[in-house]
Amino acid sequence: MTSAPAPLGLGLVGCGGFGAYVLDAVADLAGLVPVAVADPDSVRASSLGERHGVPALASLEELLEREDVAAVAIATPPAAHAAMATAALRAGRHVFCEKPLATTGRDAGAVAREAERSGLALVVDHVLRYNPLLRAVERLTDQGLLAPPRRFLFENDASDQDLGPDHWFWDRSHSGGIFVEHGVHFFDAARALLGSEPLSVRATAVRRPGGPVDMVSADVLHPGGVLASHLHSFTHAHRCERQLMRLDHGFAETRIDGWIPVRAEISAWTDEEGARAWERLPARAAALLHVEGFRPHGGERVSVAVERDAGAGAPARGRGEQRVVPHHVRAVLDLGGEARKPHVYSESVRAAVADLVRVAHGGGTPVADALAGLSAVLVAESATLAADTGTEQHVPGPAPHIQERS
């Protein structure tokens with residue numbers, strides 16, 4: 001009998017609110033054990049270290065001197081991500097990196113090359129990749145119940161309530177700007193759901209009177225004439241935040257609410273065979289919503305209602321495609337509503353770190369790997385340049401950035 005590998009010793013750098021959140025979410029993850037934390041703010045480091053019973057250090061360098069640190073979680077502001085990830089990889093450590101992987105495409109490419117050279121696991125915290133609803137949409141597409149999306153839309157009216165005028169978020173040298181700091185989540189989600197690398201982007205940036213850029217939009221063209229539209233506005237109170245992701249599948253539509261999604265509604269037109277397949281989904285809810293490392297709370301539900309002959313038997317035509325689809329399907333995938341949003345968020349982070357553990361112990365490729373992190377930064381950087389110049393920008397493919405050598 002083969003014994004289980006020793007738990008992966010995790011060292012966290014960045015003991016602010018999000019770093020504490022990550023460590024709290026993964027502390028009891030099988031195959032992993034927190035062994036140290038680091039932050040130049042000794043009060044923050046000591047507080048988090050005491051909570052988890054581990055030493056509090058002052059820097060990443062001190063963390064890397066410890067032999068029990070096999071993996072490093074980076075939860076610092078974005079400008080430090082690339083240098084820290086590179087240092088950890090060169091020191092032989094696996095890396096879990098908060099998004100973005102870097103604030104420039106050049107730096108993200110350098111990290112991706114280092115990860116490829118080292119053969120170590122690197123996971124970027126693109127939490128949407130580990131959300132059960134988005135995973136379910138991918139599965140429904142693979143199974144043919146949904147056609148590949150021909151249009152992706154994300155609208156994000158986010159909060160600036162805690163982002164004072166001196167917050168690093170507004171400083172592009174620290175954050176990379178809105179497209180880089182926040183948009184990478186959704187550029188990456190579009191890449192995953194559309195199954196393609198973007199080609200070009202047009203973008204607009206809006207500056208609040210007397211203040212920073214707080215609203216940006218981008219139209220990203222993917223192969224086959226597939227368009228992904230993104231809008232991010234940091235202009236709302238916490239209680240007034242709202243987000244919507246919409247996928248147009250031609251004869252079906254998916255709407256997903258919230259940037260930490262907890263509910264998806266699908267409206268689809270189909271034939272009798274398709275209607276029966278949809279009706280079998282509730283019995284397969286657990287498999288449909290499964291994400292490795294994500295612990296369900298038990299209140300997840302999949303419901304399906306089919307209105308037969310809602311469109312009679314006449315053929316329907318759209319974008320040159322003609323089908324006989326007389327039945328209307330309404331499906332709801334529910335992770336428990338808004339009350340379960342904190343659970344879904346923490347479990348998505350936990351699933352991302354579980355992915356790191358899986359690859360570190362057994363090999364393979366993480367879901368949100370260095371290539372995903374690089375691709376998202378390249379789109380974000382191109383969108384930023386498009387907004388700055390008012391011109392359409394080509395989006396470089398990630399592969400040449402990994403292959404090029406400094």
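This report walks through a predicted model, looking at its sheet, its helices, its cysteines and its salt bridges.

## The ten-stranded sheet

Let's start with the sheet. Ten strands make up an open sheet with mixed pairing, in the order β14-β17-β13-β12-β11-β7-β10-β9-β8-β18. At the edges you will find β14 (301-307) and β18 (393-394). Each of these edge strands has a single partner strand, so one side of each is left without a neighbour in the sheet.

For a closer look at one pairing, follow β8 (residues 200-207) and β9 (residues 213-222). These two strands pair in the antiparallel sense, over eight bridges. Within this part of the sheet, Val206 stands opposite Met215 in β9.

## Helices that lie on the sheet

Helix α8 (residues 178-194) packs on the sheet. Which strands does α8 touch? Its contacts are with β7 (151-159), β8, β9, β10 (226-236) and β11 (242-248). The direction of α8 makes about 150 degrees with that of β10.

Another helix to find is α9 (residues 272-279), which lies across β13 (263-270), β14 and β17 (327-334). Relative to β13, helix α9 runs at about 160 degrees.

Now turn to helix α4, which spans residues 81-90. How many of its ten residues are buried? The count is seven, and the helix is mostly covered. The buried residues in α4 are His81, Ala82, Met84, Ala85, Thr86, Ala88 and Leu89.

What do these buried residues pack against? Their partners are the strands β1 (8-13), β4 (71-74), β5 (94-97) and β6 (122-124), together with the helices α3 (60-64) and α5 (105-118). After α4 comes Gly92, which has a positive phi, near 85 degrees.

A disulfide is a covalent bond between the sulfur atoms of two cysteines. A search of the whole structure finds zero disulfides. Cys15 is in no disulfide, and the nearest cysteine sulfur, in Cys97, is 15 Å away.

## Salt bridges

Side chains of opposite charge can pair when their charged atoms come close. In this model there are 24 salt bridges.

One of them joins the side chains of Arg90 and Glu114, at 3.2 Å from N to O. This pair links distant parts of the chain: Arg90 belongs to helix α4 and Glu114 to helix α5, 24 residues apart. Arg90 is exposed, with a relative accessible area of 61%, whereas Glu114 is buried at 8%.

Arg44 and Asp41 also meet through their side chains in a salt bridge, at 3.9 Å from N to O. Arg44 is partly exposed, with a relative accessible area of 39%, and Asp41 is partly exposed at 33%. In the salt bridge of Arg191 with Glu197, the closest N and O atoms are 2.8 Å apart. Here Arg191 is buried at 14% relative accessibility, while Glu197 is partly exposed at 26%. Finally, salt bridges that share partners join Asp28, Arg295, Glu347 and Arg350 into one network.

Notes
Residues are numbered from 1 along each chain as its sequence is written. This is a predicted model: local features need pLDDT of at least 70, side-chain atom pairs count only at pLDDT 80 or more; totals for chains, interfaces and linings use all residues. Side-chain values use heavy atoms; hydrogens and water are left out. A disulfide is a pair of cysteine sulfur atoms within 2.5 Å. Two strands pair if DSSP finds at least two bridges between them. Helices (H or I, at least four residues) and strands (E, at least two) are DSSP runs, numbered from the N terminus. Contact means heavy atoms within 4.5 Å. Axes are lines fitted to C-alpha atoms, for helices over the stretch in contact, and angles run from 0 to 180 degrees between N-to-C directions. Buried means under 20% relative accessible area, exposed over 50%, partly exposed in between (1.4 Å probe, protein chains only). A salt bridge is a side-chain nitrogen of Lys or Arg within 4 Å of a carboxyl oxygen of Asp or Glu.
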